Amino acid sequence: MDPNLFLIFGFIIVVTAIVMGTIGRVSKRAMEYRHREKELAAGISAGSSPHVTARLDEMEQRLRVLERIATDGAQGTTLAAEIDALRRDGGTPLVMPQRTGEKVQ
């Protein structure tokens with residue numbers, strides 16, 4: 001057999017191995033990317049992140065306090081004190097007078 005034929009055959013095998021390896025790595029990275037993208041989308045929609053959940057709870061608490069301030073018919077000075085307490089304490093409200101029949105949280 002011709003020695004050039006062995007050289008050509010060897011070259012084809014090396015090129016095929018390089019191309020197949022590259023295709024394998026690219027497809028693996030693409031699958032990992034899609035999998036990670038789905039995980040992030042599911043995590044965000046479910047709110048499973050502890051940081052997001054904690055922040056949401058904090059915002060919910062602040063909203064409850066603001067609703068209570070607005071609906072309690074507080075005097076101007078009491079309202080100002082409540083708002084200052086929210087700013088100063090980072091969301092911890094002052095204890096407001098209860099309406100009759102309400103339970104303390």
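Student: Why is E58 called partly exposed?

Tutor: In this predicted model, E58 has a relative accessible area of 33%. Buried means under 20% and exposed means over 50%, with partly exposed in between.

Student: What makes the pairing of R55 with E58 a salt bridge?

Tutor: The closest N and O atoms of R55 and E58 are 3.2 Å apart. A salt bridge requires a side-chain nitrogen of Lys or Arg within 4 Å of a carboxyl oxygen of Asp or Glu. The distance of 3.2 Å meets that limit, and therefore R55 and E58 form a salt bridge. R55 is itself partly exposed, because its relative accessible area is 43%.

Student: How do you know that R55 and E58 are separated by about one helical turn?

Tutor: Both residues belong to helix α2, which covers residues 50–71, and they are three residues apart in it. That spacing is why the separation is about one helical turn.

Student: How many salt bridges are there by this rule?

Tutor: The count comes to three. One of them joins the side chains of R64 and E60, at 2.8 Å from N to O. Another is made by R36 and E39, at 3.5 Å from N to O.

Student: Why do R36 and E39 qualify as a salt bridge?

Tutor: The N to O distance for R36 and E39 is 3.5 Å, and the limit is 4 Å. The distance is within the limit, so the pair qualifies. R36 and E39 are three residues apart in helix α1, which means a separation of about one helical turn. R36 has a relative accessible area of 46% and is therefore partly exposed. E39, at 39%, also counts as partly exposed.

Student: What is the spacing of R64 and E60?

Tutor: R64 and E60 are four residues apart in helix α2, so about one helical turn separates them. R64 counts as partly exposed at 45% relative accessibility, and E60 does so at 37%.

Student: Why can I12 belong to a nonpolar surface patch?

Tutor: A residue in a patch needs over 30% relative accessible area and no salt bridge. I12 has 46% relative accessibility, so the area requirement is met. I12 is found in helix α1. The patch is made by I8, F11, I12, V15, V19, M20 and I23, and its area is about 680 Å².

Student: What pattern does the protein chain follow along the sequence?

Tutor: The pattern is α-α-α. The protein chain has three helices and zero strands.

Student: What share of the protein chain counts as buried?

Tutor: Of the 105 residues, 7% count as buried. The accessible surface of the protein chain comes to about 9100 Å², and 64% of this belongs to carbon and sulfur atoms.

Student: In which helix is confidence highest, and in which is it lowest?

Tutor: Confidence is highest in helix α1 (residues 3–46), at a mean of 90. Helix α3 (residues 76–89) has the lowest, at a mean of 71. For the protein chain, the mean pLDDT is 77, and 71% of the residues reach 70 or more.

Conventions: Residues are numbered from 1 along each chain as its sequence is written. This is a predicted model: local features need pLDDT of at least 70, side-chain atom pairs count only at pLDDT 80 or more; totals for chains, interfaces and linings use all residues. Side-chain values use heavy atoms; hydrogens and water are left out. Helices (H or I, at least four residues) and strands (E, at least two) are DSSP runs, numbered from the N terminus. Buried means under 20% relative accessible area, exposed over 50%, partly exposed in between (1.4 Å probe, protein chains only). Accessible areas come from the Shrake-Rupley method with a 1.4 Å probe; for residues, only the protein chains shown count as cover. pLDDT is the predictor's confidence in each residue, from 0 to 100. Patches are made of residues with over 30% relative accessible area and no salt bridge: like charges are joined within 9 Å, nonpolar side chains (Val, Leu, Ile, Met, Phe, Trp, Tyr) within 5 Å.
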